[in-house]
Amino acid sequence: MNVLIIQDIQGRAMAADTKERILDTAERLFADHGFPATSLRDITQEAGVNLAAVNYHFGGKEGLLIEVLERKIAPVNETRLAQLDELETAAGSDAVPTEHLVRAFVTPLCEKWCKQDPGVPKFMKLVGRIHAEVDQDLRAKFIKQFDTVLHRFSSAFHRGLPHLDAVEVRWRVLFLVGSMAHTMTWGGSIVAIGGGERHDPEEIFEALIQFATAGMNAPVLEPVAVASGRGAR
């Protein structure tokens with residue numbers, strides 16, 4: 001093999017390794033200390049690279065955060081959409097049952113949890129920090145990665161829940177996302193301190209699926225009158 005070709009292959013492999021090392025380090029530091037409090041210098045020192053490598057691969061700190069998120073989110077969303085495609089194809093002109101949709105949304109992330117992927121708890125901690133710490137523009141870029149998934153699933157839920165209007169469906173999908181994120185963020189800690197009888201991750205997620213399905217299927221709520229002054233007695 002030509003020496004130049006060998007050198008090119010080796011160079012590409014080293015670049016890929018450097019990029020992954022930066023991503024792993026950034027994910028850990030952003031999760032532990034927050035995006036605002038973590039400097040590029042912190043990341044480069046921890047990863048053993050120079051600042052030029054970060055700028056070359058990511059264009060800066062914000063670009064690095066976006067790619068850290070996309071690395072974990074994109075495969076999960078691809079699996080969600082693939083499962084939704086299969087469900088809709090099988091259903092034909094009928095609506096997909098609510099529980100099947102909830103399973104398709106929750107299961108891809110559950111599978112990572114159940115396989116004890118060590119990066120999942122850290123990543124969920126990072127997601128929590130993003131909602132609390134970063135500015136609105138950066139948060140919007142994070143949420144945008146879910147646009148297609150949320151639109152597709154909201155539409156599918158709406159077809160199966162015609163008694164709900166589109167706005168109510170979107171709110172319920174938001175509640176589904178929130179309960180799942182909260183379970184992923186705190187479920188491990190609750191199990192670790194013995195704060196519940198459920199210890200098996202699959203059992204935890206099965207309970208979540210049943211809870212979310214019941215919530216999605218709940219009847220329309222009557223408008224609640226807001227009491228003025230000190231409230232109703």
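## A bridge between helices H7 and H4

Lys141 forms a salt bridge with Glu62, and their closest N and O atoms are 2.3 Å apart. A salt bridge here means a side-chain nitrogen of Lys or Arg within 4 Å of a carboxyl oxygen of Asp or Glu. This pair links distant parts of the chain: Lys141 sits in helix H7 (residues 136–144) and Glu62 in helix H4, 79 residues apart. Helices (H or I, at least four residues) and strands (E, at least two) are DSSP runs, numbered from the N terminus.

Lys141 is partly exposed, at 41% relative accessible area. Glu62 is partly exposed as well, at 35%. The terms have cut-offs: buried is under 20% relative accessible area, exposed is over 50%, and partly exposed lies in between (1.4 Å probe, protein chains only).

## About the model

This is a predicted model; local features need pLDDT of at least 70, side-chain atom pairs count only at pLDDT 80 or more, and totals for chains, interfaces and linings use all residues. Residues are numbered from 1 along each chain as its sequence is written, and side-chain values use heavy atoms, leaving out hydrogens and water.

## The whole chain

The protein chain has 10 helices and zero strands. Of its 233 residues, 35% count as buried. The accessible surface comes to about 13900 Å². Carbon and sulfur atoms hold 57% of that surface. Such areas come from the Shrake-Rupley method with a 1.4 Å probe; for residues, only the protein chains shown count as cover.

Contact means heavy atoms within 4.5 Å. Take the contacts with a separation of 6 or more: residues 24 or more positions apart account for 74% of them.

## More salt bridges

The structure holds 15 salt bridges. Side chains of opposite charge can pair when their charged atoms come close. One of the bridges joins Glu27 and Arg71, with the closest N and O atoms 3.0 Å apart. Glu27 lies in helix H1 and Arg71 in helix H4 (residues 61–91), so the pair ties together parts that are 44 residues apart in sequence. Glu27 counts as buried, at 5% relative accessibility. Arg71 counts as partly exposed, at 22%.

Arg152 and Glu88 also meet through their side chains, in a salt bridge of 3.0 Å, N to O. This pair again links distant parts of the chain: Arg152 is in helix H8 (residues 147–160), Glu88 is in helix H4, and they are 64 residues apart. Arg152 is partly exposed at 24%, and Glu88 is partly exposed at 22%. Salt bridges that share partners also build one network, made of Glu20, Asp24, Glu27, Arg71 and Lys72.

Leu29 is found in helix H1 (residues 3–33). Leu29 is buried, with a relative accessible area of 10%. Leaving aside residues up to four places away in sequence, Leu29 touches Gly34, Thr38, Asp42, Ile43 and Glu46. Leu29 and Leu126 are 97 residues apart along the chain, and their C-alpha atoms are separated by 9.0 Å.

Leu174 lies in helix H9 (residues 166–192). Leu174 is partly exposed, at 48% relative accessible area. Together, Val167, Trp171, Leu174 and Phe175 make a nonpolar surface patch of about 430 Å². Patches are made of residues with over 30% relative accessible area and no salt bridge: like charges are joined within 9 Å, nonpolar side chains (Val, Leu, Ile, Met, Phe, Trp, Tyr) within 5 Å.
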